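Here's a quick briefing to read alongside the coordinates.

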Amino acid sequence: MKKEKRNMDLESVESHTTEFKSSWRDEYLKWICAFANTDGGRLLIGVDDNGKPVGVEDSKKLLEDLPNKLRDILGIIPSVRLEKENGKEIIIIEVEHSYVPISYHGRFYVRSGSTIQELKGKDLTRFLISNSGKHWEEYIEENAFIEDINNETIEKFKQIAIKRIPLVKDENEPIKVLEKLNLIKNGKLTRAALLLFGKNPKRFWTSSYIKVGKFLTDTDIISSDDIEGNLFEQVEKTMESLRTKYLISEIRFEGIYRKEELEYPEEALREAIINSVIHRDYIGPHTQLKIYPDKIILWNVGTLPKEIKVDELKKNHSSYPRNELLADVFFKAGLIEAWGRGTIKITDECKKAGLPEPEFKEEFGGFAVYFYKDIYTEDNLRKMGLNERQIKAVKYVKEKGKITNKEYQEITNVSRQMATIDLAEIVKKGVFARIGKAGKGVAYQLTKLTNK
């Protein structure tokens, strides 16, 4: 018997965009709803859970009924067609992503892996706003009035924004300044106006603050502070708190001039904090800044827009701000650039300070920046191109303070010639500095220590 030609690309397993059903039930409209609300997909009727075609009964009636049900109940018109696989009739419903929210009997569903999830609470609010064509911060806050605006912050903004919007300095009425910044709609304050210039935004949204904590370990916390106020105040108060309480300042002199530098580059920290307050999701929890003995983790709720991948953040990339009004006002204040260079600036400042490159991660439903203080970690030394022998020597110096050629030979079991080559490479990479007189008096110590 001649084998029937395979006339469709039937997947063998269910996935984010493929679902199998052996027969039709009206409740499967939920699956189609979920596909429409996520990335689109295909529902194959007449296929069992293992991807094996079993066929459908009364396919002609289904082909007539399904388009009507999809239109009347979901309000969409997907492609519904009949295919044959190994002699079995299969109905394929292909659904495109919808740019408006689709509900099934008043409930909203999305696709997550090979399952569907009903959206509720904050997740539903976030979904409806993201599909409304407006950003969360653009909405009017009905319970707010001009008395809720901090006039002192308005005045400070006018001073720092002169370069980019010169005429703002001549505006004496706070409400006129807000109007020029598109923060007033129909005579009422937007959420962005309150976040940027409010006296107490936390009164309206309880998570609109930054929690700073100093940790010895993940469970052993030494101290913490809640940084409140509007976004301009949060940035300045957080930086001041880092300078005076949480981080160590190194004092050095350039000629007769005394300079204080934080153990992490201040410009990188400021840029990261600004990014966290203007790009976070204000429907979710507060921003968190954790200081550990060897690193800092800054986390805010809200993942990257789908147009950007984490590994693209250290090279030129387009800007897709979550909260466009917030980003625009910080840009006009001269505190950020418009073209998505914030993460590049953070990376460059860390490298300039002789620290490891920061890590950018999507985790726990949000976005995190990891700053590292120790450039002599195994991971960073490998990134710098050191081999295992050289890394062993760096560990030795971290413990003992210095190493000689002879000691290098002993701990790595190599010849004097190879030890000389290895040590010269470590010096060339800027990890070791050579100290002492020629011959047996020569030793090597960490460059960062010699620069203090």
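Is Phe364 buried or exposed? With a relative accessible area of 73%, Phe364 is exposed, because anything over 50% goes in that class. Keep in mind as you read that this is a predicted model.

- Phe364 sits in the loop between strand S16 (359–363) and strand S17 (366–372). Its phi is near 55°, which is positive even though the residue isn't a glycine.
- Asn86 is another non-glycine with a positive phi, at about 55°. You'll find Asn86 in the loop between strand S3 (79–85) and strand S4 (88–95).
- Asn86 has 54% relative accessibility, so it counts as exposed, the cut-off being over 50%.

**Ser103 and its surroundings**
- Ser103 belongs to strand S5, which covers residues 103–104.
- If you skip neighbours within four places in sequence, Ser103 is in contact with Cys33, Ile73, Leu74 and Phe108.

- S5 and strand S6 (residues 107–112) run antiparallel and are joined by two bridges. Tyr104 has Arg107 in S6 as its bridge partner.
- The hairpin of S5 and S6 has two residues between the strands, and His105 takes a positive phi near 50° there.
- S6 is also joined to strand S7 (residues 115–118), this time by four bridges, and again the strands run antiparallel. Here Ser112 is partnered with Thr115 in S7.
- Two residues lie between the strands in the hairpin of S6 and S7 as well, where Gly113 has a positive phi near 65°.

- Six strands make an open sheet with mixed pairing, in the order S11-S10-S14-S15-S17-S16. Strand S11 (221–227) and S16 are the edge strands, each pairing on one side only. From one strand to the next, the twist averages 15°.
- Within this sheet, strand S14 (residues 287–291) and strand S15 (residues 295–301) pair in the antiparallel sense over four bridges. Lys290 stands opposite Ile297 in S15.
- Helix H7 (residues 231–246) packs on the sheet and touches strand S10 (210–215), S11 and S14. The direction of H7 makes about 155° with that of S11.
- Helix H8 (residues 266–279) packs on the sheet too, touching S10, S14, S15 and S17. The direction of H8 makes about 15° with that of S15.

**Helix H9**
- Which residues of helix H9 (residues 324–332) are buried? They are Leu325, Leu326, Ala327, Val329, Phe330 and Lys332.
- The cover over those buried residues includes helix H4 (151–160), helix H6 (191–197), H7 and H8.
- Just after H9 comes Gly334, with a positive phi of about 80°.

How values were computed
Residues numbered from 1 in each chain as written. Predicted model: local features only at pLDDT ≥ 70, side-chain atom pairs only at ≥ 80, totals over all residues. Heavy atoms only, no water. Contact = heavy atoms within 4.5 Å. Buried < 20%, exposed > 50% of the residue type's maximum accessible area, 1.4 Å probe, protein only. Pairing = 2+ DSSP bridges. Axes fitted to C-alpha atoms, helices over the stretch in contact; angles between N-to-C directions.
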